Amino acid sequence: MDLPEPPAPKLLTTFQRELNRATDSDRNTRKRGLQKLLEDVPWPKKSQREDLKVFVYQHLWKVIVPIVSDDVEKCRELSLQILKRCLEKCDDISIDLLQELVVRLCARIGELPFPEPAEEIRLLVVELMLMISRHAAFTASIVTNGPAVSSIDEMIVQALARGLTDAFPPVKRAGAELLVEIAARSPFTVRSHFKQVLKALQTNAGHQHSKTRSITLQAIGKGLACLGLEDYQTLFKEPILATFLRTVSDRTASVRIELGAVAAEIFEHRVKQCLERGCALLAEDFELIVIILLLHGDTIEEVSAEGRCQLIRAVHLWDPVLLSNDGEVDVPINSHLNASTAMDVSDGELALQQHSNSATAETSASSEPKSATVDYNDVSKVRQFAAANMRSILPILQEGVESWTTDSRKRYLCGLDCFISYVDGSINAVLPRLFSIIALQVRDEDAEVRAAAEQCCVRLGFQASGEDMLEILLPRVAGAVAGGDTAAQRASAAGVLTHVLKGLRQRVDTVASSNYSVSSAQMPNMLYLCTTLATTLSETPLYGFREASLRESVLLLVRTLMECFPSECKDSAHIQQAVLLALTFLCGKCPGEDDVIPDIAHKVLERLSDIVDVTVDALLGMHYQFLLYHIVTFQLPASVTSVVKIDVADVKNSPAMAHFYGELSLQWESDSVAMAAFNALVRAAPEATWKNFGLILPVVKKMVQPRAAPVAGSAEANALTYAAQRGEDVANPHVGLVDARLNLLALLEGLVRAGLMNWECSGYIATASEDIIRHMIVPNLVWRVGRVEATVRKVALALAYGILKAGAVKEQTLFATAGELVPLIVSHLDDSELTPRQMACLCVTVLFERLRGVFSEQSIHEIYPKLVARLDDSNDQVRVAICSALVMFFQCGAHPKCFSSTTIDYTLDQLFIHLDDPEPSIQHAVLGAIVQVAKTLDKNAVLKKAEKNRDCHRTPVMCDRVMFEVTGVEILSE
């Protein structure tokens with residue numbers, strides 16, 4: 001007798017019709033059946049949970065799983081949603097059923113192009129696989145059925161190698177999340193296929209969605225932790241490191257924060273592995289630390305703070321024992337299996353053991369919070385790690401600092417700044433390398449890069465030994481390093497030193513504001529350091545380079561020295577001398593230099609005078625002889641300076657120095673640096689210059705002497721003659737010397753003008769006047785061919801007028817020099833240019849006034865025709881000026897008889913002609929000259945001429961005016 005069949009489950013009876021419809025050949029019928037199952041099956045009812053499980057395992061599962069590959073999109077979608085409900089409500093599904101489902105799911109995304117065309121359904125497929133990976137039954141099978149779990153993971157990873165290339169961002173994210181799950185559970189499985197998966201992950205790491213980039217970084221980090229050391233080195237160096245470095249500059253802060261967490265986790269695993277084996281870290285491991293340092297130096301405060309925490313986390317397990325190198329073994333980084341175990345066990349046992357170890361590790365990790373083992377306020381281990389591994393980290397940072405992209409240079413410099421902040425005294429051992437890394441970036445074209453490099457220098461100044469830094473940098477500033485005597489190298493060293501001084505100042509202020517005392521070794525001797533720096537600044541070869549970059553760097557260095565250490569500058573004469581010498585050279589401007597450095601240098605000079613609490617003139621006067629000596633002897637060859645032997649101690653001995661300067665054979669040209677500095681010194685301190693005129697005049701006297709013409713018959717004279725005959729333009733080889741004469745004469749003229757405004761300087765002008773007139777003015781008033789020489793004569797005339805107008809020239813000096821000076825000035829009255837004629841008129845006016853009553857009859861007879869001729873000048877100003885000169889001229893004779901009747905008669909005839917000039921100013925000027933003749937020479941002759949010309953002029957008014965001024969009798973008009 002046959003036993004009756006067991007009763008059918010209640011749910012089967014209820015949904016048998018829908019199950020049949022789900023397998024129907026008609027697509028609409030299948031769709032309605034699946035829709036009914038999704039909506040009507042009592043998924044949420046706990047009272048029917050057991051019946052639901054029986055229904056799912058025995059009937060629903062085998063019907064729904066094949067529909068995953070249905071031709072109708074809606075049917076596939078409904079089937080996947082039903083399977084998600086099954087996995088949510090049934091926690092004891094057999095591993096076989098899960099494996100069957102995974103095979104179906106992988107087939108939908110495991111090929112390219114995807115068998116599953118709908119992106120939303122592909123997302124459901126990946127999410128379903130993620131649910132399977134996290135399912136309780138699947139997790140329990142890790143221990144009971146390891147090979148089956150390993151097989152499922154293998155299929156999923158293989159499918160993800162293509163599924164991660166999906167264009168739909170949610171699929172990319174779900175796939176990366178699934179890979180993270182599998183990497184934690186089956187590292188050997190991920191290791192086998194990571195190269196294929198990595199290609200898709202590398203692309204996704206640059207996706208436009210920040211969430212996609214973040215989860216992709218997690219997947220790359222987890223996958224990297226599964227690799228053996230050989231694959232780790234190979235893959236990390238080539239594709240992964242490039243991806244990480246690109247992500248360092250990601251536009252989203254959260255992605256950069258995620259990168260820091262990933263890098264810290266990888267490094268933490270490497271430290272654990274090396275501690276277990278007793279071997280050293282790899283060079284690739286330090287790349288991770290550099291990435292964290294780059295994030296630590298991020299401009300976003302949140303990213304920077306997180307980078308600091310990740311740096312502490314990464315190295316908290318590090319031990320100095322890792323500095324020894326005992327070799328490496330090729331096993332997964334996060335595996336607890338040794339090499340022999342991995343080689344001896346079978347595939348199934350290996351999978352079982354790795355899943356068992358992973359489950360145990362996850363359980364222990366979840367029971368203890370991450371922050372419980374890491375003190376994020378303790379940076380002592382970071383400092384210890386940084387000091388011990390400087391030589392491994394610095395080359396990586398150096399390579400980045402020298403990158404061709406602006407952003408990379410800036411970020412690596414910020415990372416270097418953070419690294420330096422964790423290294424204390426041991427940083428002194430690598431100072432030369434650090435300075436070589438930073439030197440070029442201090443002068444970078446990009447402002448942000450320069451700012452980052454400057455901050456590194458400030459940090460070094462704060463951290464390192466001041467004596468050691470100056471010992472390295474000062475020879476480079478002075479060009480004393482082999483192959484380093486170029487303007488660019490000096491400028492870089494000066495730029496670095498500028499910001500190092502700021503760091504030293506911060507260090508001094510920090511120590512001064514602290515409540516604890518420090519030893520002398522910890523506190524830098526700033527007076528000693530400033531004095532040492534001043535000695536380098538006193539080396540004049542530094543100023544022979546006229547590149548704007550070097551002059552700017554030196555100016556900034558000097559200004560920083562003053563701003564950071566004003567008390568040292570105020571109290572030390574040596575420092576003042578060095579700073580003043582530097583500023584004097586920087587204030588000078590050579591031809592072709594159109595930058596603002598001289599103007600800024602003048603402002604810095606004023607700032608120094610404020611610090612010392614004296615005027616600029618007085619400050620320069622305090623050190624005038626020192627400055628003058630170094631300027632005059634600038635770049636002089638030994639053959640020149642050896643002519644006169646002088647000790648540096650004699651610099652303040654004015655007579656000895658005057659003799660020394662007089663014996664020097666200076667050859668300054670227009671572009672001479674020494675002449676530019678000399679010019680700047682004299683113009684900045686005119687009063688101090690007059691007080692030291694005995695030292696200045698010997699220098700100027702030699703330089704303003706005209707060069708003698710070539711000897712007749714010499715090769716040079718013959719060449720010039722032949723060239724002139726052929727009509728050729730001959731380049732003057734001594735143009736530079738002529739320009740120097742012109743500049744120095746203009747400087748002397750300005751010095752005289754400045755002395756006129758200071759009554760204290762009048763005595764010095766009086767003492768120096770004869771030397772100036774006889775040896776500087778007279779030689780340059782002699783006519784010479786050329787436009788430059790014409791300009792020289794103009795300046796010489798201006799100088800002559802200035803020194804004559806000053807009134808400080810003694811009469812005996814004028815008497816002694818009049819025989820040379822007057823004829824030369826009078827000769828310029830008929831110059832072809834207006835300016836020399838006008839200035840000559842002004843000069844002779846002063847000369848006739850100061851030399852009243854000393855001219856002989858012969859002198860007057862020779863001079864008066866040239867004076868009278870100027871009444872016909874084409875310029876009215878010259879005509880007015882010569883009338884003033886005639887007024888003084890009529891008073892300069894030794895007695896009235898020095899003016900012969902012919903002289904008086906001819907002069908009056910010319911004056912009365914111009915008395916009828918239509919210009920009123922000319923009429924009044926001529927009237928004054930005529931009246932002066934009547935007063936001092938011959939009154940009757942004037943009256944006769946007035947009466948005679950009264951009827952000849954256009955109007956008798958001016959003649960009547962002459963008669964009135966002479967006789968006092970007014971002639972009434974008819």
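1. Thr216 is a residue of helix α11, and in this predicted model Thr216 counts as buried, since its relative accessibility is 0%. Leaving aside residues up to four places away in sequence, Thr216 touches Ala176, Leu201, Asn204 and Ala205.

2. One of those partners, Asn204, deserves a point of its own. Asn204 belongs to helix α10, which covers residues 187-204, and Asn204 is buried as well, with a relative accessible area of 2%. When residues up to four places away in sequence are not counted, Asn204 touches Leu164, Lys172, Thr212, Arg213 and Thr216.

3. Helix α11 also packs against another helix. How are α11 and α12 oriented to each other? Helix α11 (residues 210-224) and helix α12 (residues 229-248) have axes 12 Å apart and pack at an angle of about 160°; this is over the 145 degrees used as the cut-off, and the two helices are therefore roughly antiparallel to each other. The crossing in which α11 passes α12 is left-handed. On the α11 side the residues that meet the partner are Leu217, Ile220 and Leu224, and on the α12 side they are Tyr232, Phe236, Ile240, Thr243, Phe244 and Thr247.

4. The contact involves Phe693, Leu697, Val700 and Lys701 from α36, together with Tyr764, Thr767, Ala768, Asp771, Ile772, His775 and Met776 from α39.

5. Asp905, Leu908, Asp909 and Phe912 of α45 make the contact with Ala941, Val942, Lys945, Ala946 and Asn949 of α47.

6. Within helix α7 (residues 136-144), the residues Ala137, Phe138, Ser141 and Ile142 are buried. These buried residues fall within an arc of 160° when seen down the axis of α7, so they line one face of the helix.

7. Ala464 sits in the loop between α22 (447-463) and α23 (466-477), and Ala464 is buried, with a relative accessible area of 1%. Although Ala464 and Asp424 are 40 residues apart along the chain, their C-alpha atoms are separated by 7.2 Å. Not counting residues up to four places away in sequence, Ala464 touches Ile427, Asn428, Leu431, Met469 and Arg507.

8. The other loop residue is Asp613, found between α29 (597-612) and α30 (616-622). Is Asp613 buried or exposed? Asp613 is exposed, its relative accessible area being 64%. Asp613 has a positive phi of about 70°, although it is not a glycine. For context, most residues other than glycine have a negative phi.

9. On cysteines, the structure holds zero disulfides. Cys843 is in no disulfide, and the nearest cysteine sulfur to it, that of Cys841, is 9.3 Å away; Cys843 counts as buried, at 0% relative accessibility. Cys892 is likewise in no disulfide, with the nearest cysteine sulfur, that of Cys898, 8.6 Å away, and Cys892 is buried with a relative accessible area of 0%. Both sulfur separations can be set against the cut-off for a disulfide, which is a pair of cysteine sulfur atoms within 2.5 Å.

10. Finally, some totals for the chain. The secondary structure of the protein chain comes to 48 helices and zero strands. Of the 974 residues in the protein chain, 53% are buried. Where contacts join residues at least 6 apart in sequence, 75% of them are between residues at least 24 apart.

Notes:
Residues numbered from 1 in each chain as written. Predicted model: local features only at pLDDT ≥ 70, side-chain atom pairs only at ≥ 80, totals over all residues. Heavy atoms only, no water. Buried < 20%, exposed > 50% of the residue type's maximum accessible area, 1.4 Å probe, protein only. Helix = DSSP H or I, 4+ residues; strand = E, 2+ residues; numbered from the N terminus. Arc of directions from axis to C-beta. Contact = heavy atoms within 4.5 Å. Axes fitted to C-alpha atoms, helices over the stretch in contact; angles between N-to-C directions. Parallel < 35°, antiparallel > 145°, perpendicular 65-115°, else oblique. Left-handed = near helix turned anticlockwise from the far one by under 90°.
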